[in-house]
Amino acid sequence: MIDLEADVLVLGGGPAGVWAALSAARAGVRVALVDKARCGHSGPTAKSTVSLWNIPPGPLRDAAVTRGLADGGCLGDPEWMARVLAETYRQADHLARWSRREPAEPAARVTRIRLDGAQYLARMRRALILAGVRILDHHPALQLIVDTEGVVSGAAGVRTQDGFRSWTVRAGAVVVATGGCAFRSGGAGTDVDTGDGMLMAAEAGGELSGMEFSSAYSLAPVLGSHPAGADRRATASRAALRTATLCDENGTVFGSAGEGFGAQALAALADGRRVYACWQLGAQDAAPGRRLPGDLARMPVRAVLEGTVRGAGGVRLIGFDCATTVPGLFAAGEVAGREPITGAVGGFGGQGGAWSMSSGVWAGAGAARFAAGRGRRGPVRPVPGAGLHGGAGLDPRAVVGLVQEHTLPMRRSYRRSADSLRDSIAELDALWPATEFALGGIGPDRLYAREAAALLAVARWTKYSALARTESRGIHRRTDHPEVIEHWCRRLLTGGLGTVWVRPQACEPVPVASQSAVRQPAVPESAVLQSAVPESAVWQPVVSQSAVSQSVASQSAMSQPAGSPPSALQPEQACELERPDLATA
Ligand SMILES: Cc1cc2nc3c(=O)[nH]c(=O)nc-3n(C[C@H](O)[C@H](O)[C@H](O)COP(=O)(O)OP(=O)(O)OC[C@H]3O[C@@H](n4cnc5c(N)ncnc54)[C@H](O)[C@@H]3O)c2cc1C
């Protein structure tokens, strides 16, 4: 058993985790970082060339915020966006030496920075070592540790390279930066993104937001089997796709993938049509609508679910210091809810990288402040959870298989309906109780079981949230509610394990103090997210597991009249529930 102590513990060593650790170390506290694989070598950034949302101050930045709000279906928050843009621009200056700027204009007009992900993270790792951060590679975290008052006080896990020995790190505050959840779809670098941090946060009482925006897909060429170097080949072929022309099975050209025609190709795949990529076409042949000759060499293309990795859902933040609703727990990067930055569309166009960097900086500083202001810590205990059972009565592969059946196909996630969602919820819910008393094991099985439990929990939150949002907005598409409904310009919070709940939240600014602001008056007021509705006024489980189970039991999904799912939250109801008298009635 390895037992360590730190002021701030960071879970995850992708871009969000490394920035969080560096920021905390710069605040002068002792920092430890644990990663499931090797810090700086795992996660999507390590496998890609990444571009950053990096826009200079002035009209260009104002226009980016305005465009971001419109693209994000009005669920974004201009103040969060402006802060991310400012922080990224500040930090990106340090990265300029390792990056390529585009376009090659004077610095003031640079709008994007391209980074070699592996090189970027390798340099960040070196910076962490120089700053005195203790890096523990191959140390997946499995559980949070809390004190008697429920304040997060560290984490526990296993060490995969040493006979799966257990470890514990006690800390004054924890930053969770374990990435999003791609449901093991095979996207480059997403094998480690199994939603572990979301599960740990929820088990400690945390909330999630935007989980219906979890249906981000990308295109990838269909390759033969390639057990060795799979990630490298997948990355290379994805990069090559940017320069390809996409066409349907009849040879009709959509346009170039690099020029935004991917969305049309994805819609064609969702309709059950085949899509192909062709290279080295002349400008005339590559024009949209053109019919290509049948004998032209082309490569089939498939849709890969990136889930919440490039969606918007994750652990709910309550302050600009990236505090969560759980005292002592901060979240950074794609494990955190990103609706204020990306709205309903997810992180395309470099927002993901910019957010990981900015939120990492803020979460690390927030956690350092929280830890420094905390008094003597009393007794602690690990938070119990699913997939941690000593025996192995339930095969994790069965759990992962069921989750994938209900998430990966486009008919399950790209386009949804009340029927398909209720069907998924019924099956996924039925499996949940067994994860609490029969899923677990020792050695590697302990990790697999925990990942399976996290995948199942994330899948359930996405389904419940998608069922509640009875409209289509951004990447959330409902075939039974294809229209955007103005009243739905609000965010959905979710959480719960045995019983999943969903409740709406107005998008207007609300006075909610973050935990470090509450506990430490020294935090400047500007660091606190403003919110309009008192918390007590909106707390109401709206779509619960029992509600859905009853509705599934009492009426066949097929006989349900279209457009009126009984358990789904209507916007009108949402408005009413925000009135304190109704919420408590
Ligand atoms: C193919 C692809 C291309 C992309 N390209 C871009 C781009 O060009 N620009 C852009 O802005 N964004 C891009 N993104 C989004 C990208 O995912 C983010 O920008 C960024 O990687 C998110 O950083 P993160 O640190 O939050 O998560 P990740 O990079 O996913 O890192 C998570 C880390 O946590 C670790 N971890 C997971 N679980 C545990 C656990 N239980 N215990 C300890 N450690 C754990 C993992 O090993 C990993 O190191 C891309 C995504 C994909 C899938």
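Here are some notes on this predicted model, point by point.

1. Let's start with the ligand site. The shell around the ligand holds 40 residues, and the closest are Gly14, Gly43, Gly179, Gly333 and Gly353. By type, the shell splits into 14 nonpolar, 19 polar and 7 charged residues. If you want to find the site by secondary structure, look at helix H1 (15-26), strand S3 (49-53) and helix H9 (351-372), each of which supplies at least two residues of the shell.

2. Next, the core. The largest nonpolar core has 155 residues, and Val8, Val174 and Val175 are the ones that touch the most other members. Helix H13 (residues 444-468) gives the most to this core, with 16 residues. The core also draws on both domains: at least three residues come from each of domain 1 (2-213 + 308-382) and domain 2 (216-303). As background, nonpolar side chains tend to be buried together in soluble globular proteins.

3. Strand S11 is worth a look. Of the 6 residues in S11 (residues 216-221), 5 are buried, so the strand is largely enclosed by the rest of the structure. S11 runs antiparallel to strand S15 (residues 299-307), and 6 bridges join the two. To get your bearings, find tyrosine 217, which stands opposite leucine 305 in S15.

4. There is a hairpin too. Strand S12 (residues 245-248) pairs with strand S13 (residues 253-256) in the antiparallel sense, over 3 bridges. Leucine 246 has glycine 255 in S13 as its bridge partner. Between S12 and S13 sit 4 residues, and glycine 251 in that turn has a positive phi of about 90°.

5. Then an open sheet. Its 4 strands come in the order S16-S10-S19-S20, with antiparallel pairing. Strand S16 (314-315) and strand S20 (501-506) are the edge strands, each pairing on one side only. S20 pairs with strand S19 (residues 490-495) in the antiparallel sense over 6 bridges, and leucine 492 stands opposite proline 504 in S20. For anyone tracing side chains here, those in a regular strand alternate between the two faces of the sheet.

6. On to helix H12 (residues 418-437). This helix has 20 residues and reaches 30 Å from its first C-alpha to its last, close to the 28 Å expected at 1.5 Å a residue. Quite a list of its residues is buried: Ala418, Ser420, Leu421, Arg422, Ser424, Ile425, Leu428, Asp429, Trp432 and Thr435. When reading that list, remember that an α-helix has 3.6 residues a turn, so residues three or four places apart point the same way.

7. Two backbone angles to check by eye. Histidine 138 has a phi near 55°, a positive value in a residue other than glycine, and arginine 184 likewise has a positive phi near 55° without being glycine. Histidine 138 is placed in the loop between strand S6 (134-136) and strand S7 (141-147), while arginine 184 is in the loop between strand S9 (165-176) and helix H5 (196-203).

8. Arginine 184 has 21 other C-beta atoms within 10 Å, so arginine 184 is buried; the cut-off for buried is 20 or more.

Definitions and conventions
Residues are numbered from 1 along each chain as its sequence is written. This is a predicted model: local features need pLDDT of at least 70, side-chain atom pairs count only at pLDDT 80 or more; totals for chains, interfaces and linings use all residues. A residue is near a molecule or strand if its C-beta atom, placed from the backbone, lies within 6 Å of it. Ala, Val, Leu, Ile, Met, Phe, Trp, Tyr, Cys and Pro count as nonpolar, Asp, Glu, Lys and Arg as charged, and the others, Gly among them, as polar. Two strands pair if DSSP finds at least two bridges between them. The expected span of a helix is 1.5 Å times one less than its number of residues. A residue is buried if 20 or more other C-beta atoms lie within 10 Å of its own, exposed if 12 or fewer, and partly exposed in between; C-beta atoms are placed from the backbone. A nonpolar core is a set of buried Ala, Val, Leu, Ile, Met, Phe, Trp, Tyr and Cys residues joined through C-beta atoms within 7 Å. Domain bounds come from an automatic or database domain assignment.
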